Amino acid sequence: MPRIVTAIALFCAAMLVASTLPAEEPKKETPKKAEKQPDEKSVRKDIAKLMKQTHRGEKSPHVRIEAELKKETPDWDQVAKEAKAFDEMGKAFKNLGIYYPYTSPKNYITHAAALSKAAGDKDKKSATEAFTALNKSCVSCHSYGGPGGILKPVK
Ligand code: HEC
């Protein structure tokens, strides 16, 4: 008698394992579609928002860094912190090229990185050069009324 009980118990345990295992399988079948592409409108909207946040208004990293670099001894921790926003901005461009392949963020990204490095080195000359070059990079996208358009004057 106890042997039968053991047999039944074992059988049940086996069934339990068997029933849980294959259930996981079919999930693999769903094809791993290429990452869904964001639509053009949301790409522009996200970039416009970040653009404003980064470059416009006296609290923006752009304006604050400009002010720091004019000082005899800039607050380098502040500059380094704020400069991260340009790197973030640079990353946000990655989707823009899907729709506007002629708007190259290359210069922007390069000079943003140089600015971050110079701030880390507390190197005023390099930081000022990088910041000036960063400002010149805007025209890669903002001239000719392309996406980003002509930059509106800062209030
Ligand atoms: C790689 C392309 C690219 C670069 C480089 C770039 N921008 Fe932009 N910018 C855009 C796009 C795209 C928008 C969103 C435009 C829209 O509304 O569709 C935008 C929007 C803006 C806006 C918001 C405009 C508004 O009033 O809505 C500001 C301000 C701005 N950019 C400033 C700058 C400044 C300053 C620089 C240089 C330091 C710069 N941008 C460099 C692509 C770029």
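1. Among contacts between residues at least 6 apart in sequence, 54% join residues at least 24 apart. Contact here is a C-beta criterion: two residues count if those atoms, placed from the backbone, lie within 7 Å. Bear in mind that this is a predicted model: local features need pLDDT of at least 70, side-chain atom pairs count only at pLDDT 80 or more, and totals for chains, interfaces and linings use all residues. Numbering starts from 1 along each chain as its sequence is written.

2. On secondary structure, the protein has eight helices and zero strands. Those labels are DSSP runs numbered from the N terminus (helices are H or I, at least four residues; strands are E, at least two).

3. Burial next: 18% of the 155 residues count as buried. The cut-offs are 20 or more other C-beta atoms within 10 Å of a residue's own for buried, 12 or fewer for exposed, and partly exposed in between, with C-beta atoms placed from the backbone.

4. Leu115 is worth a click: leaving out residues up to four places away in sequence, Leu115 touches Ala83, Phe86, Ala127, Ala130, Phe131 and Leu134.

5. Helix H3 (residues 61–70) buries Pro61, His62 and Ile65. Down the H3 axis these fall within an arc of 95°, so they line one face of the helix; the arc is taken over directions from the helix axis to the C-beta atoms. Their packing partners are H2 (40–55), H4 (76–92) and H7 (124–136).
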